[in-house]
Amino acid sequence: MSGVRAQQKQKTRQALIVAAFNQLSAEHSFSNLSLREVAREAGIAPTSFYRHFKDMNELGLTMVDEAGLTLRQLMRQARRRIASGGSVINTSVLTFMEFIDTSSNQFRLLLRERSGTSKAFRAAVAREIQHFILELAHYLEAETPCDANHAYMQAEAMVTLVFNAGADALDQDTQQREELTERLIWQLRYIAKGANHYGTHQVNSKPS
């Protein structure tokens with residue numbers, strides 16, 4: 001019975017996370033969410049919320065972790081597709097844009113809390129972005145001529161560019177997003193070409 005109860009508790013906890021994400025929108029940020037509304041959408045009494053989270057802040061931090069994990073898992077899937085012969089940059093950008101399209105509220109949360117008023121939330125988003133950069137840096141170090149230092153700088157530049165483009169993509173129509181995607185692919189190619197040049201020539205000093 002204890003295993004069944006644990007499963008049910010995990011199911012309810014996940015229902016609260018999903019309910020909170022569902023209530024986010026361009027006009028409705030996490031700070032606008034109420035515990036009562038989230039509990040109602042999850043199908044539980046407001047008092048039962050505290051069996052799963054200490055408060056709304058703990059729920060929000062869990063949501064940040066989940067959003068970051070979802071994005072990293074998608075990009076890992078993209079790298080597996082690349083290993084089967086896909087274009088590295090094209091496949092990665094299209095996968096990221098799919099995330100923006102299908103998980104827009106998760107990305108909105110990362111964007112807003114990245115520069116929000118809560119220090120704990122800013123730190124949580126920064127950790128997720130750092131995980132993303134490090135995974136990409138390890139991949140670039142293994143698959144390109146770049147050493148660890150140049151791979152990290154390349155990954156950092158790429159992630160910054162992609163996140164900024166993602167922020168623009170949220171409110172764009174289909175044609176605008178397609179044009180943005182094309183520009184982003186070319187911008188990332190420029191970064192990759194420059195990084196490969198330095199990696200090939202083993203330049204370890206600062207650029208003049």
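Reader: Is E135 buried, exposed or partly exposed?
Author: E135 counts as partly exposed, at 21% relative accessibility. Buried means under 20% relative accessible area, exposed over 50% and partly exposed in between, with a 1.4 Å probe and protein chains only.

Reader: Before I go on, what sort of model is this?
Author: This is a predicted model, where local features need pLDDT of at least 70, side-chain atom pairs count only at pLDDT 80 or more, and totals for chains, interfaces and linings use all residues. Residues are numbered from 1 along each chain as its sequence is written, and side-chain values use heavy atoms, with hydrogens and water left out.

Reader: Back to E135. Which residues does E135 form salt bridges with?
Author: One is R76, with the closest N and O atoms 2.4 Å apart. E135 lies in helix α6 and R76 in helix α3, so this pair ties together parts that are 59 residues apart in sequence. Another is R79, where the closest N and O atoms are 3.1 Å apart. A salt bridge here is a side-chain nitrogen of Lys or Arg within 4 Å of a carboxyl oxygen of Asp or Glu.

Reader: And how are helices picked out?
Author: Helices (H or I, at least four residues) and strands (E, at least two) are DSSP runs, numbered from the N terminus. Helix α6 covers residues 119–143, and helix α3 covers residues 56–83.

Reader: What does E128 pair with?
Author: The side chain of E128 meets that of R72 in a salt bridge, 2.6 Å from N to O. E128 is buried, with a relative accessible area of 8%, and R72 is buried too, at 11%.

Reader: What about R76 and R79, buried or partly exposed?
Author: R76 is partly exposed at 31%, whereas R79 counts as buried at 19%. Salt bridges that share partners join R72, R76, R79, E128 and E135 into one network.

Reader: How many salt bridges does the rule count?
Author: Five. Across the interface of domain 1 and domain 2, the rule finds zero.

Reader: Where do those domains run?
Author: Domain 1 is 1–53 and domain 2 is 57–199; the bounds come from an automatic or database domain assignment. Their C-alpha centres lie 28 Å apart. Domain 1 brings 17 residues to the contact and domain 2 brings 14, contact meaning heavy atoms within 4.5 Å.

Reader: How much area is buried between them?
Author: About 1300 Å², with carbon and sulfur atoms giving 68% of it. Buried area is the accessible area (1.4 Å probe) that two parts lose on being put together, summed over both. F21, F30 and F53 supply 49% of what domain 1 buries against domain 2, more than any other three residues.

Reader: Which helix gives the most to the domain 1 side?
Author: Helix α1, residues 2–22, with seven residues.

Reader: Now N105. What does N105 touch?
Author: N105 touches F21, N22, L24 and S25, leaving aside residues up to four places away in sequence. N105 lies in helix α5, residues 104–114, and is buried, with a relative accessible area of 18%.

Reader: Last one: is K119 buried or exposed?
Author: K119 is exposed, with a relative accessible area of 66%. K119 and G166 are 47 residues apart in sequence and 23 Å apart in space, C-alpha to C-alpha.
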